[in-house]
Amino acid sequence: MARVFIPATLRARCDGRSEVEVEGTTLRQIVENLDAACPGIAARILEGDAVRPDLALAVNGVVGAEGLLERVPDGAEIQIMPAIAGGGAG
Amino acid sequence: MVTAEKPYKVVGTRPIRPDGTDKVTGRANYGADIRLPGMLYGRVKRSPIAHGKIKRIDASKALALPGVRAVMTAEDLPRKGRREFAPLGSVKISLATLSGNVMARDKVRYEGHAVAAVCATDPHVAEDALDLIEVEYEELPPVLHADEAMLASAPLIDEELHTREMATGESAEEPSNVAMHFVTEMGDVEAGFAEAEIVLERSFKTKMVHQGYIEPHNATAFWRHDGGLEIWCSTQATFVMRDHLAGLLEHPVSKIRVTPQEIGGGFGGKISVYLEPLAAVLSRKTGKPVKMTLTRDEVFRATGPTSGTAIRVKLGAKRDGTLVAAEGELVYEAGAFPGSPVAAGVRCIFTAYAIPNQRIDGYDVLVNKPKVQPYRAPGASAACFATDSVMDELAERLDLDPIALRLKNAAVEGTRSADGAAFGVIGNRDCLQAIQSSPHYRSELQGPNRGRGVAHGYWYNAGLESSAYASVNSDGTVALVLGSPDIGGTRASIAMQLAETLGIPAERVIPQVVDTDSVGFTSVTGGSRTAFAGGWAAHEAGLDLRQQLAARAAKIWGVEAEQVRYRDDAVIVGPAGEDGGERSITFTELAAKLARTGGMIVGRADSNHASAAPTFATHVVDVEVDPETGKVEILRYTAAQDVGTAIHPSYVEGQIQGGVSQGVGWALNEEYRFDEKGRMENASFLDYRMPTALDLPMIETVLVEVPNPGHPYGVRGVGEVPIVPPLAAVANAVHAATGHRFTELPISPAAVLEKLLPGEE
C-alpha cells in the first residue's frame, strides 16, 4: 500500500481528500489504482503513455529516472509535483 | 573551516586541479579559440524593439555584399508544435519555445530577439552585412512588468497562450500572459492563521539579473556533406545540446556530435541553445564551418537572465515564535516565452521551516524581456529574500534572537514540505548552530551605521544520469573519461572519488571531458548534480576496475577469482602460494603486466541514482551604510553550509564564496534597467554593476558535513544553495544599520538615500 499526496487543485476529484492510499508496486500501477479511487485523475497526470512533461511523480520525495516503471516499495509515499530543473554552480 | 574528520585518504584533501596549468598559462581552449580551414564568421541581426510583428525581411542587399556567403531566418528552421518536447534532465522543454527564442518567426518578443543571421568570410564583413538586412516591423506596445502583464487588458505577447493549471493540466478559455499557475497546499491555512498570535504580511520585489559569466556564448558548426553535424561550443550540457539540436533541426541524433570547449562560467545560463542552430543552418547553406560569438551587449540583451519577481509572504506565529501558518504568492517574470523558475520558488519558499499549515501560489508570467534561464538555485533566492526578511521582522517583533527563531522552527528529519515530501537526513539545524557558535556571530559589531543580518536558505539538488569510462594505463595511472563540462572543478572532484575507490593518489587519475560520441549519456552540469552523479559513476567504474583487476591477478596466479581481493590500499591479495606466503601485487605493478596478460582494462559505469539530498545554508553579514552616499559596504561575511562530504574542500569553499559574491551583487547593485519601450539601458559591465574583489571582504566559510546516506561518499550538491540566503541576509543587515526595511532589490545607493533622506532631491 502506498500513500499518495493529492495536490490542492486535484482534491475535488478525490472527494476533497489530501491523501489517498492505493495498492501498487510500480508508479504505473499506482496511477491506475489512484484513478479507480479518484476517477479521471489519471488523465490529469498522464499525457499519452507517460507522466505529463510539466509534472513529476516522486517516490518518498525523490523523482526517479524510470518514469512509470519506477518501483514503489510497500509503505511508500508518492508526491505529485511540478517538474523542475536546477541551474549551475560555476 | 572544515568541521569534520573523514575516514578517507583522497576525499577531503586538496590536490592541484588537473586543468589548472592550462588555464593560468592561457593554453586552455575556449570556443573563441576555434580555427578551422575555410571557416566563415556569423553574426545575428537583432530586433531593436521589444514587441512587434515582423512584416518583411529583405536580405538581398546583404547577400550582394562581397564576402557574404549566406543569410538565414526562421524560415530555415522547421516549425515546431507547442506540445513537441525535448528532454532536459527530468524536465521537458518545449521545442516551440526553444525554436521561437533562437529566431523570431512572426513576432519579435524582446529587444535583441534574433530575426536573421548572416555569415561571411570576415567577421567585420558579417557585421557590416547586418545593417544591410532590412526588417520592417509593426510595433506593438510592450508589456514590461508582471503585474501589468497579468491584467486582462494587457497586450498579449502570445495570442495562443492560455493559463495552464499545473496540477490539473487544464487550460483557461481566454488567452493570457500567465503561462502557468502552481498551487501547493498543506494543512488548514485559515485555521493556522486563526491560531496565530502574531501575523506579518509583506510584499517584495526583485529585478531581472544576469548570471554575469565572463565568457560570452560561442558556437562553431560544420555541417559536412555526408550529413554529419559537428558542433564546438561553450555549454553546460553537451548531450542536452545534441538532443535539442536534433529536435530543432529535425536531424538524427546519431548525425550530431557536440564537443564541449572549456567554459568561462555558466551558472545555469549556458544550458540553452542560442547560436548553435543558427551556425548549423549557415554551415549547411555554405558547406563551410561557421563560427559565431556573442558580444557582451548581446549576452545581456539576448541570453537568459533570471526572473524579476513580486512575492507576497504572510507568516503566522505564536508568541514564543512557533510558526503555525504561512501563505506565499510568487509572481515570476518568464521573459518572452514560458518557463520561469517559479515552480522551484514555490518548492523552496518555506521548506527550511516546519510549518504545519501552508498555501503557496505561483505564477509564470510573460513579459517583453529576454527569455529567462536558470541561474544558480533558480527561483530560490528571491523566495528566501521574502521569507527570511519576514522572519527577521518576526524575530524583532517577538524580541527573539534571529538564529534562535529559525532553530525553533527548523525542519528536521521527518518534517514534511508543502508538497508532502518528508526530509531524510539533513543538516538544517547544524548550519544554524554553526553560525550561532561562529566567532563572527559571537563577536560584537560596533560603530555607527553598522548592522548585522542573518538568513537561512534551502535547495533541493538533483541526481540524474552520468557516465564514466576509466582506462588503466601501463604506468599505473587511470584515464577517466567524462561527459560533464567542468564549470566548477568537477573534473578534480570526480577524479578524486575514483582515486578513493581505487586507493591510489588523486594525481594518478587523469580526467578528461569529451564529446557526445566518446562517452555514454551524461545529463546537464547543473542542479548541483555533477559531483554527486559524476562521482557516483566514477565510483562504479572504479568498482568495475577492482573486480577486473582482481580477476586478472587470479588469472596470473592461477587461482579462482573468488580467492582474490582488491584491498582499499590498492594492493591485490590472493591465497598463499607454494612458499606459504600470501600472494600480493600492487595496482601499479599489475597495471604494468596487463598488456601481456590479456590486454588493458576499462571500467565503465552508466549511473542514474535518485538519492540526491537537499542542502541548507545559514549566512551572517555585517554592513556599514554611508549615510551621505547611500553606499552599503560589506564588512564581514560568514557562510555555513551543509556540504555533505566536502570532496575537495577548496572547491567547496570557492563555490560558497562565488555564490555569496553573486548574491551580494543581486542584493546591492545588479538590475536590468529598461526604458519605457523595453530597451535595456545598461547592457555592459560598466553600467551593469557586479561586485569585484575590491567590493568584498574575504568570505569566511564553515563547511558543515552531514553526509548524504544516499551516496557512497556522502556527497550533496554544493554549488547552488550559497546564492540563496545573501539577498535576505544583506537586506536584514541594512535594516539593522538604518532602521529601514528594504522590500525591493537592489538596495542601491539611490534606494538607500531615498529612505534616509525623505523628501529631499
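## Close-up views of a predicted two-chain model

**View 1. Helix α3 of chain B is a mostly covered element.** In helix α3 (residues 95–102) of chain B, eight of the eight residues are buried, where buried denotes under 20% relative accessible area, exposed over 50% and partly exposed in between (1.4 Å probe, protein chains only). Helices (H or I, at least four residues) and strands (E, at least two) are DSSP runs, numbered from the N terminus. The model is predicted: local features require pLDDT of at least 70 and side-chain atom pairs count only at pLDDT 80 or more, whereas totals for chains, interfaces and linings use all residues. Residues are numbered from 1 along each chain as its sequence is written, chains are lettered from A and ligands numbered from 1 in the order in which they are written, and side-chain values use heavy atoms, with hydrogens and water left out. The buried residues of α3(B) are Leu95(B), Ala96(B), Thr97(B), Leu98(B), Ser99(B), Gly100(B), Asn101(B) and Val102(B). Their cover includes β4 (85–88), β5, β7 (114–120), α7 and α8 (276–286) of chain B. At the start of α3(B), a side-chain oxygen of Ser94(B) comes to within 3.2 Å of the backbone nitrogen of Ala96(B).

**View 2. Domain 1 of chain B is in contact with domain 3 of chain B.** An automatic or database domain assignment supplies the domain bounds. Chain B comprises domain 1 (34–140 + 215–264 + 270–302), domain 2 (309–461 + 613–756) and domain 3 (466–608). The C-alpha centres of domains 1 and 3 of chain B are 40 Å apart. Contact (heavy atoms within 4.5 Å) joins 18 residues of domain 1 of chain B to 17 residues of domain 3 of chain B. Together the two domains bury about 1300 Å², 61% of it on carbon and sulfur atoms; buried area is the accessible area (1.4 Å probe) that two parts lose on being put together, summed over both. Of the area that domain 1 of chain B buries against domain 3 of chain B, Gln236(B), Phe239(B) and Arg257(B) supply 43%, more than any other three residues.

**View 3. One salt bridge crosses the interface of domains 1 and 3 of chain B.** A salt bridge is a side-chain nitrogen of Lys or Arg within 4 Å of a carboxyl oxygen of Asp or Glu. Arg491(B) forms a salt bridge with Glu262(B), with 3.0 Å between the closest N and O atoms. On the side of domain 1 of chain B that touches domain 3 of chain B, α7 (238–249) and β15 (256–260) of chain B each supply at least two residues. That side of domain 1 of chain B has nine nonpolar, five polar and four charged residues. In these classes, Ala, Val, Leu, Ile, Met, Phe, Trp, Tyr, Cys and Pro count as nonpolar, Asp, Glu, Lys and Arg as charged, and the others, Gly among them, as polar.

**View 4. Chain B meets chain A.** Here 45 residues of chain B are in contact with 31 residues of chain A. The two chains bury about 3000 Å² between them, 57% of it on carbon and sulfur atoms. Within chain B, Met166(B), Ala167(B) and Thr168(B) lose the most area to chain A, together 17% of what that side buries. Five salt bridges are found across the interface of chain B and chain A. Glu170(B) forms a salt bridge with Arg44(A), in which the closest N and O atoms are 3.1 Å apart. Two or more residues of the side of chain B that touches chain A come from each of β5 (91–94), β9 (162–165), β11 (178–186) and α10 (342–348) of chain B. Strand β11(B) gives the largest share, four residues. By class, this side of chain B has 19 nonpolar, 15 polar and eleven charged residues.

**View 5. Helix α11 of chain B contains Glu393(B) and Arg397(B).** The side chains of Glu393(B) and Arg397(B) meet in a salt bridge (3.3 Å, N to O). Because these residues are four apart in helix α11 (residues 380–397) of chain B, about one helical turn separates Glu393(B) and Arg397(B). Glu393(B) counts as buried, at 8% relative accessibility. Arg741(B) forms a salt bridge with Glu396(B), the closest N and O atoms lying 3.2 Å apart. This pair links distant parts of the chain, 345 residues apart: Arg741(B) is in the loop between α19 (726–738) and α20 (749–756) of chain B, and Glu396(B) is in helix α11 of chain B. Arg741(B) is buried, with a relative accessible area of 19%, whereas Glu396(B) counts as partly exposed at 47% relative accessibility.

Terms used:
Polar contact = N/O pair within 3.5 Å; in protein donor to acceptor, adjacent residues only side chain to side chain.
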